[in-house]
Every structure is written in structure tokens, then in C-alpha cells.
Protein chains: 2
Amino acid sequence: MKQLAVGIDIGGTNSVFGLIDREGNMYGEGVVQTKKFPDFDLYLEELYIGINSLLKTIDFEYELMGIGIGAPNANYYRGTIENAANLIWKGIIPFVEKMKRYFPNLPIIITNDANAAAIGEMVYGAAKGMKDFIVVTLGTGLGSGFVANGQLIYGHDSFAGELGHVIVNRGGRMCGCGRKGCLETYVSATGIKRTAFKLLADHIENSEFRNYSYNDLTAEMITKAALNGDPLAIEAYEYTGMMLGQALADAVTITSPEAIFLFGGLAKAGKYIFEPTKKYMEMHMLSNFRNKVKLLPSGIDGKNAAVLGASALIWQEIESN
Amino acid sequence: MKQLAVGIDIGGTNSVFGLIDREGNMYGEGVVQTKKFPDFDLYLEELYIGINSLLKTIDFEYELMGIGIGAPNANYYRGTIENAANLIWKGIIPFVEKMKRYFPNLPIIITNDANAAAIGEMVYGAAKGMKDFIVVTLGTGLGSGFVANGQLIYGHDSFAGELGHVIVNRGGRMCGCGRKGCLETYVSATGIKRTAFKLLADHIENSEFRNYSYNDLTAEMITKAALNGDPLAIEAYEYTGMMLGQALADAVTITSPEAIFLFGGLAKAGKYIFEPTKKYMEMHMLSNFRNKVKLLPSGIDGKNAAVLGASALIWQEIESN
């Protein structure tokens with residue numbers, strides 16, 4: 001009988017869920033509009049109905065093994081979502097406890113998006129068989145999941161892996177966290193926009209970006225311009241790669257990974273992000289580690305990556321027991 | 001029958017070994033002068049004779065469980081000491097393989113000094129029962145051992161935990177590793193000496209340190225002066241604590257430890273190092289982690305700490321199997 005897991009990716013706008021087997025094949029998906037449900041109990045009921053409808057579409061015999069959830073500010077140990085700035089529910093949401101009422105006999109596991117991506121990489125992706133690696137997710141912010149000894153590092157309170165909030169430039173750019181110079185203020189969709197504006201300020205050359213307001217400019221536009229050979233866009237990526245490469249060289253000294261995977265929007269710029277990141281990472285690397293750590297694109301990055309990552313929590317849990 | 005482990009601490013000058021039980025009680029110790037044996041095979045023979053002599057002094061029934069070794073540049077996976085600058089043996093020494101000839105039926109484990117200190121802290125010391133913590137060893141350089149999920153992070157090639165070589169000031173002080181601005185150029189016995197000389201250069205106040213050459217000044221003298229209220233020594237510690245506190249705040253974002261232990265020479269300055277380190281760590285901490293991470297003195301720090309740490313490798317290995 002085929003074993004399936006539910007994967008749920010909770011975002012500020014939508015929650016996407018799907019049914020996935022051990023090999024990462026997806027058997028249908030569904031969506032609940034997160035922000036339409038300020039009442040968490042109503043949201044959960046809608047999600048339950050959605051998952052049940054999806055299960056009814058499965059026309060073969062299956063065994064449901066568990067539900068894995070990726071969500072911002074999720075606490076793996078407590079099964080909660082805690083003070084997530086981008087979600088409509090405020091305070092501490094006892095997600096797993098409440099979901100258990102609908103699925104009392106299933107393992108239900110929640111963690112943050114970047115940790116889910118790391119476990120997805122290990123279960124389905126390019127980190128299969130690796131015991132020590134780092135996944136860096138480049139979205140609006142910068143998330144990360146660190147795996148050591150074959151296990152995700154959750155840390156004492158489940159909030160480990162905040163590489164985006166390592167200070168890379170003391171007194172540097174203001175960060176949403178209230179401090180200055182965090183890596184994600186340089187390396188993220190928002191970070192590269194800030195870099196593009198800094199370059200517009202520093203340089204005098206003409207650029208198509210001089211026609212856009214800060215609010216209209218997107219990281220995708222910078223990526224597209226870089227791929228078309230625009231010098232300012234390429235320079236923005238070079239700077240982004242420098243900041244990321246330096247930070248990764250430091251991260252390597254701590255956990256000594258076999259590989260580092262780049263996942264998400266900025267990684268789509270291909271050589272424009274990978275080449276400078278690799279160059280500056282090696283340039284700043286402690287000699288022990290030089291030319292030993294692979295810098296690779298994610299093996300699961302794509303439309304369903306976040307749902308895949310969430311479902312992977314279940315297979316990982318089953319196999320580690 | 002009492003179970004005993006051999007712990008060996010290999011230093012550039014001496015190798016100290018001892019017999020230790022599961023509770024950390026030591027039953028005699030011995031010394032081999034490392035640097036008197038450029039021929040590693042002769043060294044190992046001398047060490048074997050020493051351990052055997054020590055075993056003969058034990059006047060109760062015992063079972064020997066294994067041999068744990070802490071050494072600079074030791075590779076846990078390969079059982080080797082690799083290109084250790086401070087040891088008389090050059091290149092790659094197959095330590096475990098060669099020692100197995102003398103003790104073919106015993107587990108023999110080698111790791112670097114800081115990792116041994118971390119496992120010692122977990123087995124005998126103040127980290128008992130903790131799953132996630134960091135030990136920072138403050139000697140001539142700065143070493144560290146990171147424990148996550150109850151396991152030491154060796155990383156892909158066994159050289160994880162090089163916190164001393166995280167860059168804390170890009171373009172800063174020259175480091176022995178060939179790069180600039182590494183944490184250990186600021187936070188270590190050598191680092192605080194450099195800081196004292198910087199302060200002598202920057203300030204005009206008189207100070208007893210103006211009577212010493214760089215080669216004559218020691219970190220112990222600075223510690224002693226701080227404990228006697230000398231303003232320059234206290235300022236040197238304040239600066240050292242600032243650099244360490246900032247770096248620890250960043251390390252916390254990666255592994256989210258329950259506690260950080262300070263071990264070794266500089267930790268003996270008590271409040272002069274703990275207070276500024278704690279202050280700057282909290283000041284620079286991501287809010288998730290603020291006031292949650294304990295900063296503590298090592299629970300095994302003392303005369304035999306390194307031998308204890310080395311022996312702990314055996315108990316840790318037995319219990320994790």
C-alpha cells in the first residue's frame with residue numbers, strides 16, 4: 001500500500017497543501033487563503049475540509065503517515081507558531097495541538113520554512129545521503145537550515161539557523177529585527193533592491209532602473225536585467241554574492257558542511273549569484289576548508305518546493321526513529 | 001568491577017595521561033615529553049610504557065574501556081593528527097592506527113582539544129543533560145566545540161567548531177591563519193596582549209605595562225592587574241569581552257544553544273571577562289534569543305581538565321551506541 005504524507009506550506013497570503021509519497025511525487029494539491037481567516041479555528045476547519053477533499057480524490061489504496069507543516073516562526077518543539085509578523089494570527093498559535101483534534105492519530109510536525117527546505121533537500125533533493133550541509137533560502141528575507149550529524153539543528157528553543165541575522169556589517173543597513181547590518185539586509189530580494197538603489201546613488205551611468213521607484217522595483221527585475229547583461233544589475237549581484245560568500249565562509253568554520261545549497265528567488269540568477277558567492281567564499285575561507293565545500297543549487301527548488309519540504313518532515317521523522 | 005578510561009592530552013611540550021572513571025575521578029597520571037620524541041614511533045612506545053606502568057599501580061579490579069585523546073589538529077573521522085603547527089611531528093600522523101598495535105582490542109578515539117573539552121563538559125561538567133551548548137576554550141588561541149542534538153558537531157571533515165577563525169573585523173588584525181580579523185586575534189591570551197599594546201599606544205596614562213616588552217607581557221599579568229583594579233587591564237578585558245560577546249551573539253543565531261561555557265586562561269579573570277561578554281552579547285543579540293542563553297564558567301576547568309575531556313570521549317561513545 002502506498003504511503004503518503006500531507007505537506008502544508010503556510011504563507012501570509014496562501015496556505016498550499018499537497019499529498020506526497022516517499023519519492024517526492026505529488027498527488028494533488030489545494031489552497032486555503034490564509035489571510036481570509038483571522039480566526040485561526042475557522043482557518044483550521046477550512047484546511048481540514050481541504051485536506052479531506054484532496055484525500056477523496058486519491059483512487060488507489062494508501063496509508064496516511066503524517067502531516068508536515070512549514071510556517072514562519074514555527075516552533076518545532078512546542079508545535080506552535082509564535083508572533084509571526086507576516087501572518088494574520090497574532091501571539092502564540094498552538095497549531096499542532098489544535099490540528100490534533102482533527103487528526104488525533106497522525107504525527108503532526110511543524111517547523112519554519114527554511115528548516116523544512118533543508119529537510120526536503122535531505123529527503124528528496126540534492127542532499128540525499130549527506131550528513132552535514134546548509135540550505136540558504138533567498139526569499140523576501142534570508143532563511144537557513146543547518147544539518148549536522150544527519151539531524152537538523154533546531155537548537156535549545158527551536159530557533160536555530162537564523163543565518164539571515166548574523167551581523168555582517170556592524171552599524172550597517174537597518175534590519176526589520178531592530179538591529180543593523182544583518183546578512184538579510186544585503187542578501188535577499190529586499191537586500192538586492194537596496195543594493196541596486198545604493199548603486200544608483202553611487203554611480204552616474206544611465207540605467208533602466210533609474211525609471212523605477214523603490215516600491216516598483218523587484219528582485220525579479222534585477223535578475224532579468226542581469227541575465228540580459230545589464231551592468232548595474234550584474235554589479236548588484238556581484239555585491240550580493242560578496243556579502244553572501246563572506247558570511248558563508250564564516251558559517252563553514254562553525255559547522256564544516258559538505259555542501260551549501262542556495263534555494264529561492266535570487267538563486268535563479270544562476271552564475272550571476274553563484275560565481276561571486278563562490279569566489280568570495282573561497283577568498284575568505286580558512287585554509288582547512290578551502291575548495292572543499294560545494295556550493296550548489298537546490299535539488300527541489302520549484303513550484304512545490306515548500307510543500308515538498310513540509311511533507312519531508314514526516315519521512316525524516318519516521319526514518320530517524 | 002570499576003570501569004576506567006585512559007585520557008591523553010597531547011600538547012607541544014608534554015603529553016599528560018590519566019586513568020579516569022565514569023564520574024570523573026582520576027586514578028593517577030603520567031607525563032611523556034612530547035617534544036623529546038621527533039620520532040613518532042618512539043613517542044608512542046614511551047606512551048605505551050607509561051600507560052602500562054600507570055595501570056599496574058591500580059590496586060582494585062577494573063575494566064579498561066578505551067583510550068580518548070585530545071590533540072591539536074586531530075581528525076576524529078580519520079584518527080589522525082594533521083599538520084599540527086605546535087607539535088614536533090610534521091604531516092599526517094595516523095595516531096589511532098598506530099596506537100591500535102599496542103591496544104588492539106580497545107576503542108581509541110582522538111579529537112581536537114576544544115572538542116574534547118566540550119565532551120568533557122557534557123560527561124562530567126556543567127553541561128550534563130544539555131543537548132545544545134557551546135564550549136569556548138581561551139588559550140593561546142581560541143577553540144570551540146559545538147554540541148547540537150546531544151552530539152558534537154564534527155562536520156563533514158571533522159574540522160567544525162573553528163569559532164576562533166570567524167572574521168569579526170574585516171581587514172583587522174593579522175592572524176596566524178594568513179587572514180585578517182579572526183576572533184582569536186582579539187579574544188585569546190595573545191589577543192588580549194595585542195589589545196593591551198593597542199591601548200598603550202592610544203592612551204597617555206601611565207601604566208605598569210609600559211615597563212614590559214611585548215615578549216615579556218603575559219595574559220596572566222593582565223588578568224592579575226585587572227583583579228587588582230588596574231584601569232588599562234580592565235579596559236583590555238572590556239574590549240575583549242565586547243569582541244567575544246558580539247561574536248557569541250552571532251554564533252547563537254546559528255545553533256541556538258542553551259548555554260555557552262568559557263574555559264581556560266582568560267576565563268579566570270571572572271567578572272572582568274564574564275560581565276562585558278554578557279553585556280555585549282545581549283546588546284547584539286537577535287531578540288528571539290535575548291536573555292535566554294546562559295554564559296557560564298566551565299564545570300571541569302582546572303589542572304586536569306584536558307585529560308578529563310579526552311577520557312570523556314570514551315564514555316560519550318559508549319553511551320551514544
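**Reading a predicted two-chain model**

Mentor: Start with one residue pair: Glu82(A) has Ile92(A), in strand 7 of chain A, as its bridge partner. This is a predicted model, where local features need pLDDT of at least 70, side-chain atom pairs count only at pLDDT 80 or more, and totals for chains, interfaces and linings use all residues. Residues are numbered from 1 along each chain as its sequence is written, chains are lettered from A and ligands numbered from 1 in the order in which they are written, and side-chain values use heavy atoms, with hydrogens and water left out.

Trainee: How do I read a sheet, and which strands are at the edge here?

Mentor: Strands of a sheet pair through backbone hydrogen bonds, either parallel or antiparallel. Strands (E, at least two residues) and helices (H or I, at least four) are DSSP runs, numbered from the N terminus. Two strands pair if DSSP finds at least two bridges between them. In chain A, 3 strands form an open, antiparallel sheet in the order 5-6-7. Strand 5 (74-75) and strand 7 (92-93) are the edge strands, each pairing on one side only. Strand 6 (residues 80-82) is joined to strand 7 by 2 bridges.

Trainee: What about the core? Which residues touch the most other members of the largest one?

Mentor: In soluble globular proteins, nonpolar side chains tend to be buried together. A nonpolar core is a set of buried Ala, Val, Leu, Ile, Met, Phe, Trp, Tyr and Cys residues joined through side-chain atoms within 4.5 Å. Buried means under 20% relative accessible area, exposed over 50%, partly exposed in between (1.4 Å probe, protein chains only). The largest core here has 100 residues. Leu163(A), Ile260(A), Leu262(A), Leu163(B) and Ile260(B) touch the most other members. Take Leu262(A): beyond four places in sequence, its contacts (heavy atoms within 4.5 Å) include Val136(A), Leu138(A), Phe274(A) and Pro297(A).

Trainee: Is Asp250(A) buried or exposed?

Mentor: Asp250(A) is buried, at 12% relative accessibility. Arg170(B) is partly exposed, at 35%. Now look at Arg101(A) and Glu97(A), whose closest N and O atoms are 3.9 Å apart in a salt bridge. Arg101(A) is exposed at 59%, and Glu97(A) is exposed at 52%.

Notes: Salt bridge = Lys/Arg side-chain N within 4 Å of Asp/Glu carboxyl O.
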